[in-house]
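Here are my notes from a first pass through the model. Have a look at the sequence and coordinates before reading on.

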Amino acid sequence: MTVSKTMDSGAQVSVSTTSRARFNSDLPQVWIGIALIAVTGFLPSLLGNSYWVHTFHLVNIYIAAAIFQNFLFIDAGQKSFGQGVLLGLGAYVTAIFFGMHGYSFAAASLIGLFAAFLGGLLFALPALRVQYFHLGFVTLSAAIVFPQLLMSLDKWTNGINGISVAVPWIHHEVIFGLSWLTIMVAVYPMLALVVHYAIRNSRLGRQMRVAALSPEAARTLGVKPGVMRFLAFIIASIGTGICGILYLPAVSFVSPQGFNMEMSFLFFMAVVVGGRGQLLGPIIGMWIVFILPNVALVEYVDYRLLIYGTLTLLTVVLFPDGIVGSVERWRKARSVLGRGEKAFRIDPFLERLKNNTQFTPSDTEYAVEVRNGVKRFGAVVAVGGVNMKVRKGEIHGLIGANGSGKTSLLNVLSGLSRLDEGSFLINGHDATRMAADRIANTGLGRTFQTPRIFTQLSLWENLRIGLDASTTSPSEGIRQLAAQLEAEFGQDNAELLSHGQRRLVEVMRVVLKEADIILFDEPAAGLSQSERADFAKLVRFLSRNLGKSVILVEHDLDLVWGIADTITVLEQGKSVASGAPEALARDPAVQHMFVGGARA
Amino acid sequence: MLSEIAIIVVRGVAIGSIFALIAMSFNIVHGATGILNFAQGNMFVLGGFAAFFLANQVDVSWWLLMMVVSGLLVAALVTFQGWITLLPLRSAVEQDSWIISTMAASIILGAILMITQGPFAYTVQSVVPSFRVFGVRTPGAYALAIGAMVFWYFALRFFLRKTLLGLAISAISQDLDAARAAGLPVRRLQLIAFAISGLIVGTAGFLVAPVISVSPDAGMRYVLNGFVATVVGGVGSNLGTLIGGPLVGVVAMLTAYKIGGSYQDLASLLVLVLILMVRPQGLFGRTTARRV
């Protein structure tokens with residue numbers, strides 16, 4: 001028995017040497033994308049086919065714009081129907097200063113880029129307040145209004161006549177029949193692709209994705225979702241503005257009709273048809289939605305909106321993942337396998353953190369202190385005058401019937417909602433008015449009733465967002481732990497985890513965050529008996545071996561009585577009793593909570 | 001001066017009633033499904049086309065009959081569109097595919113109108129004669145618009161509160177899972193909500209055809225202004241649309257008179273951004289407790 005156990009944990013911890021299928025194919029997609037852009041961008045010039053040279057100038061500029069749309073739409077979760085406006089601002093403002101006022105192309109481009117940046121700011125402002133379809137309508141309205149404004153403000157824009165420009169040097173041959181323009185419009189989308197990949201795999205990119213998928217979870221990990229959206233819009237507006245600047249010499253002419261809604265739709269639809277979130281998606285998508293109607297079916301050019309719309313509708317109904325996404329899904333279903341019980345276990349890893357220090361709860365210092373806290377939702381009083389003291393390093397059980405205000409209190413402590421009256425302190429500092437991300441950064445971590453597991457991220461990335469949230473550079477133990485976890489779970493699919501495993505992933509995330517106060521919201525719900533026992537050991541370990549303070553909201557009273565140092569009882573939003581488990585079990589205020597009226 | 005104010009207010013309220021009607025059609029579908037149908041603007045314009053092809057220069061009885069026909073035709077089309085929109089929601093985890101599919105439906109409908117009818121604005125003769133308000137000649141269709149808004153407001157109120165079917169739809173807007181658990185045929189009720197929204201815009205587009213631009217590219221503008229009216233009133237509140245619609249209409253008229261007709265949509269966009277920044281839940285919207 002002992003032998004097999006050692007072997008078991010040994011196998012868990014060792015780096016698996018057999019090569020496993022990639023969790024996602026982002027990196028290969030980048031290489032394929034670069035190759036495809038290189039072929040379409042350079043080959044027509046090398047062959048001297050000027051029709052295809054011109055067509056792919058435009059296609060590759062649009063691909064770059066769609067790449068930024070893809071980033072904004074999926075990585076940052078912002079549904080913008082107005083990216084054509086940003087491209088139009090870059091192109092038009094550059095044309096105005098270059099073509100009408102005689103600025104140099106470089107200077108005019110900078111002004112154009114700045115205009116696109118301002119446009120991005122205007123989109124980002126409402127995005128700070130509202131989400132979901134509201135933002136879709138705001139950006140859609142912008143796409144409707146933009147060409148109208150270009151027409152009406154004819155004093156500055158030349159109205160319906162548009163602006164013609166000539167940038168002779170940009171068409172001169174540099175090498176092998178390639179002009180400056182050809183090189184720039186081919187290299188730029190490649191660059192955009194690399195930028196998208198780099199952001200997605202950075203700390204910023206992961207935090208953006210978490211903020212898009214679950215704003216509450218992001219806030220409890222120290223991320224401000226508003227800032228993430230804002231940054232995403234700024235990045236996308238600059239990226240799309242550059243597309244506008246390249247558009248100008250490629251087309252040599254701008255007019256209001258060139259920047260109507262159709263352009264914004266084109267970028268959006270290319271992303272959907274190609275495959276939302278797939279790095280290669282915008283390239284394949286743009287080839288289909290743009291080249292098909294504009295080149296292959298050129299005699300039906302009037303039908304192109306109908307074709308965009310139909311392709312998109314068919315994609316959503318038949319292949320919701322888009323073309324690249326469907327291929328990717330098929331690959332994953334074939335090769336990325338679940339690992340059953342072994343998919344995620346926490347104890348062999350925590351062994352590594354074990355040291356000989358034994359912590360005991362402090363008698364004088366408090367991790368959390370709530371003073372007469374009141375929280376109302378309209379007329380409903382969820383928390384009505386709670387007093388609670390959580391000693392540093394202790395396990396503090398918080399129990400009470402459904403609706404007694406336990407989760408509301410946790411939400412207050414983690415900053416997701418605010419007290420209407422009273423105050424609370426974290427580590428002796430007033431935190432009553434602190435935002436969730438600041439509270440998280442003072443060293444508080446929490447789990448949720450429904451675990452926040454992000455299936456778009458690999459299992460390791462799901463853990464890594466905890467490490468990303470750490471405010472100090474990680475300790476040696478955590479660094480080693482992280483390296484092991486990465487080696488073990490780098491390519492694993494979090495979607496295949498069981499419910500109990502998902503809970504453990506959330507716990508490990510908080511451990512990696514190095515939070516010293518951990519809030520658990522009904523962690524044992526849905527766990528089996530043996531999982532509960534393991535979980536109790538884990539909480540014990542966190543408190544006694546790592547010195548963390550734990551607040552445990554739980555309905556399983558046996559579990560709470562087994563591990564808690566102190567228990568607070570809530571009833572109808574009030575704290576009615578608090579004390580050590582043994583003493584509390586005899587308290588008449590608590591007796592009625594047990595079956596039969598007394599704890600066995 | 002006084003007549004100018006009268007024109008702005010009367011026409012603004014009348015145009016705003018159209019926005020309010022579109023807003024009500026948004027609300028019933030949104031309540032039952034959580035979907036805001038981007039194609040609603042083109043569906044409305046389709047009602048206008050129905051008036052042009054079925055009821056131009058006809059007598060009143062035929063006109064009334066055709067209004068019902070127009071409503072039923074558009075209702076059938078919206079139901080079909082709703083069915084397609086709800087298809088991927090049956091199983092997929094992706095819950096916002098409707099933003100894309102209703103947008104695609106809107107583009108398809110606009111493109112079909114453009115291909116078959118060309119980019120022209122069609123003129124429809126009014127059956128109801130014009131009348132004078134504060135000495136200003138006002139097309140009869142403006143009165144119809146206001147009348148239709150009031151009619152549909154009370155009709156929906158009665159339907160949602162007093163009929164079994166309406167109560168069932170109200171139930172799914174409050175708690176979809178509970179309604180399903182209680183045995184309500186949720187999918188069928190959602191399609192009925194789509195049908196009612198089609199009935200609203202189909203009849204509304206038909207009634208006001210003489211005073212709107214019946215053209216393939218008008219749909220987007222109506223869907224935008226209808227949405228602004230919805231947000232101003234508070235998403236889900238039909239009472240709010242009675243205020244939101246006319247307010248947006250008056251702002252549009254004021255802009256047209258004082259600055260220029262081509263700035264109307266810009267004014268609506270600014271109203272939208274302003275209300276979202278200041279009071280995102282709208283005038284009559286409710287704030288809901290956060291769910292964690």
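The points below start with the ground rules, go through chain A, and end with chain B.

1. Ground rules. This is a predicted model, in which local features need pLDDT of at least 70 and side-chain atom pairs count only at pLDDT 80 or more, while totals for chains, interfaces and linings use all residues. Residues are numbered from 1 along each chain as its sequence is written, chains are lettered from A and ligands numbered from 1 in the order in which they are written, and side-chain values use heavy atoms, with hydrogens and water left out.

2. Chain A overall. Chain A has 25 helices and 14 strands; here helices (H or I, at least four residues) and strands (E, at least two) are DSSP runs, numbered from the N terminus. The C-alpha trace of chain A spans about 90 × 60 × 40 Å along its principal axes. Of its 600 residues, 57% count as buried, where buried means under 20% relative accessible area, exposed means over 50%, and partly exposed is in between (1.4 Å probe, protein chains only).

3. Surface and contacts of chain A. The accessible surface comes to about 24,100 Å², and carbon and sulfur atoms hold 60% of that; areas come from the Shrake-Rupley method with a 1.4 Å probe, and for residues only the protein chains shown count as cover. Among contacts in chain A with a separation of 6 or more, 76% are between residues 24 or more positions apart (contact means heavy atoms within 4.5 Å).

4. The antiparallel sheet. Four strands of chain A make an open sheet, in the order β6-β5-β8-β9, with antiparallel pairing. Its edge strands are β6 and β9 (429-430) of chain A, each of which pairs on one side only. Two strands pair if DSSP finds at least two bridges between them.

5. Inside that sheet. Strands β5(A) (residues 366-377) and β6(A) (residues 380-391) pair antiparallel over nine bridges.

6. Strand β11(A). How many of the residues of β11(A) are buried? For residues 517-521 of chain A, the count is five of five. In a regular strand, side chains alternate between the two faces of the sheet. Both faces of β11(A) are covered: A:Ile517, A:Leu519 and A:Asp521 are buried on one side, and A:Ile518 and A:Phe520 on the other. I'd look at A:Asp521 among these buried residues.

7. Neighbours of β11(A). β10(A) (residues 444-446) pairs with β11(A) in the parallel sense over three bridges, and A:Leu444 stands opposite A:Ile517. β12(A) (residues 549-553) is also parallel to β11(A), over five bridges, with A:Phe520 opposite A:Leu552. From β11(A) the chain crosses through helix α22(A) (residues 529-544) to β12(A), and this β-α-β crossover is right-handed. Right-handed means that, with the strands pointing away from the viewer, the path from the first strand over the helix to the second runs clockwise.

8. A:Ser50. This residue sits in helix α3(A) (residues 50-75). Is A:Ser50 buried or exposed? A:Ser50 counts as exposed because its relative accessible area is 57%. Its C-alpha atom is separated by 29 Å from that of A:Phe97, 47 residues apart along the chain.

9. An unreviewed UniProt entry lists several spans of chain B as "transmembrane region", including residues 35-55 and 98-120; its positions are given in the numbering used here, feature names are shortened, and annotations may be inferred rather than shown by experiment. In the model, residues 35-55 are 71% helix and 0% strand, with end C-alpha atoms 32 Å apart. Residues 98-120 are 87% helix and 0% strand, and their ends lie 30 Å apart.

10. The 21 residues of α4(B) (residues 97-117) should span 30 Å at 1.5 Å a residue, and the end C-alpha atoms are 30 Å apart, so the two agree; the expected span is 1.5 Å times one less than the number of residues. In α4(B), 17 of 21 residues are buried, and B:Gly118, with a positive phi near 75°, follows the helix. Helix α9(B) (residues 219-233) has 15 residues and reaches 21 Å, close to the 21 Å expected. Of those residues, 14 of 15 are buried, and the helix is followed by B:Gly234, whose phi is positive, near 105°.
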